[in-house]
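Q: I have a structure open and I'm new to it. Could you walk me through how to read it, one feature at a time?

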Amino acid sequence: MEAVVDLHDAVVLLGRFPALAGVTVTIGAGELVVLRGPNGAGKTTLLRLCAGLLPRVRGTATVLGVDTEHGARALARRVGLLGHRNGLYEDLTARENLRFWGRAIGASRAEQDAALAALGIEGRLAEVAVGRLSAGQRRRTALAALAARRPELWLLDEPHTGLDTDGRDRLDGLLRAAVVAGATVVLASHDLDRVAALATRTLTLVGGRVVGDELASVSPVEGGDQC
Amino acid sequence: MLRTALLVAGKDLRIEWRSKVGMVQVLPFAMAVLVLFAFALDGNRSTLRDVTPGLAWIAMLLSLLLGVQRAFGPETVDGALDALRLSGLEPAGVFLGKAAALAAQLLALGTLLGIGVALFYGPDAPGVGGWVVLVTTVVVATTGLAAVGTIYGALSAGIRVRDTLLPILVLPVVMPVLIAATRAVEASLGIRAELTDAWPWVGLLAVFTLAYTALGLLAFGPLLEET
């Protein structure tokens, strides 16, 4: 299986604190990997390293064949990251946000509108300024912006946060569809019951190290609903 | 690059149009500065007329700081800067777009400030040649200010103390603009100088503007990566 993420003894410092203290892991194409672990385990840092947003001080880190030291720009358009924050402009409407990010990455209007619809942001709701939407609706808009990119590697940090049951179901369907289409998904979550139904593999991080690596016994991706 | 610049400038101007911060905060602030100077100088009309150009440019510089903070606020408040870094947009185009939007706002502000100056300080109206110098000076100087502001806005965008750091970084750098623009406008209004004395100062402003625009085009990529 082709390696999408290939980290070897990767060390990342946040200030002087080793947020990643020597992580070695390989993630192949089409995997849906859940990162779990206590607060401060290094899940967010691992995701940001994979996006090329953080420098490492030791080891190697290759994503989609690109050394992450070349920075986020080298991975642009191939990697989509949704962190704790949504990356939206509050004074623009949901649709205007999609238009901006869609044009930035070359997604067509049809793809942008389809992504909004897939997350349930339709009609008048799409014309409301993001700053006036609820936390869940903002999260849906951010996920739509990510989906419109159709990245090869999805990096998601607590993506279910703020979503209602319908939103969570739509997100799960979106992730399953992405994996079926050949994308790779890495997501950090504390909502273990829900993500266990999605994961093809679970990595456990503690203290900046991978201490557990479990494969799912069945393929949840093939068994779930498609979006 | 031009396509990126237009996309980013359009987005920034749309955000400004929606939020109306320039109209309801920056413009009243600049006008208040002018009025305070008028009170401080005891309402002596001949004194006011002589110091008009310098006071107007000080008001512009102080307004620039608010404008820069406003230009980068939406990029940082919800993590849009990370999305921008992962969008694949050319950094030089992003710089041009943000600088162009800022310059457009400063030009609008400068026009309204000019009306305020005429009302409060009552300078003599310039002749045709004076108008040419005045308009050229305002356009070149505000473009230079926007270029500097965009560079330092990006530099300080990811820093927690950016609001207090920005004036310390920007004000010393724009001193040449304050001096050259003041002298050029004085000459355009016939205050302590002939009209022909203005052009060397306009030339200095043009060199400053070109230098900082070139620096921004070259340095904005690394600045975005490091922010």
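Q: Which strands does H1(A) lie across, and at about what angle does it run to E8(A)?

A: In this predicted model, H1(A) lies across strands E3 (32-36), E6, E7, E8 (184-188) and E9 (201-206) of chain A. It runs at about 150 degrees to E8(A). Helices (H or I, at least four residues) and strands (E, at least two) are DSSP runs, numbered from the N terminus. Axes are lines fitted to C-alpha atoms, for helices over the stretch in contact, and angles run from 0 to 180 degrees between N-to-C directions. Two residues are in contact if their C-beta atoms, placed from the backbone, lie within 7 Å.

Q: What should I know about the numbering and the cut-offs?

A: Residues count from 1 along each chain as its sequence is written, while chains are lettered from A and ligands numbered from 1 in the order in which they are written. As this is a predicted model, local features need pLDDT of at least 70, side-chain atom pairs count only at pLDDT 80 or more, and totals for chains, interfaces and linings use all residues.

Q: How many of the residues of helix H1 of chain A are buried?

A: A residue is buried if 20 or more other C-beta atoms lie within 10 Å of its own, exposed if 12 or fewer, and partly exposed in between, with C-beta atoms placed from the backbone. In helix H1 (residues 43-50) of chain A, eight of the eight residues are buried, so the helix is largely enclosed by the rest of the structure. Among them are Lys43(A), Arg48(A) and Cys50(A). After H1(A) comes Gly52(A), with a positive phi near 80 degrees.

Q: In what order do the strands of the open sheet come?

A: Strands of a sheet pair through backbone hydrogen bonds, either parallel or antiparallel. Here two strands count as paired if DSSP finds at least two bridges between them. Six strands of chain A make an open sheet, ordered E6-E7-E8-E3-E9-E10, with mixed pairing. E6 and strand E10 (209-215) of chain A are the edge strands, each pairing on one side only. E6(A) and E7(A) run parallel and are joined by four bridges. Leu82(A) stands opposite Leu156(A) in E7(A).

Q: How many residues of chain A are in contact with chain B?

A: 24 residues of chain A are in contact with 20 residues of chain B. On the chain A side, H3(A) gives the largest share, five residues. That side has 14 nonpolar, four polar and six charged residues. Ala, Val, Leu, Ile, Met, Phe, Trp, Tyr, Cys and Pro count as nonpolar, Asp, Glu, Lys and Arg as charged, and the others, Gly among them, as polar.

Q: What is chain B built from?

A: Chain B has nine helices and zero strands. Its radius of gyration is 18 Å, close to the 17 Å that the globule rule gives for 227 residues, so chain B is as compact as a globular protein of that length. That radius is taken over C-alpha atoms, and the rule is 2.2 Å times the number of residues to the power 0.38. Buried residues make up 48% of the 227.

Q: Where is confidence lowest in chain A, and where is it highest?

A: pLDDT is the predictor's confidence in each residue, from 0 to 100. Chain A averages 87. Its lowest mean, 53, is in helix H8 (residues 220-223), and its highest, 94, is in strand E7 (residues 153-157). For chain B the mean is 87, and 99% of its residues reach 70 or more.
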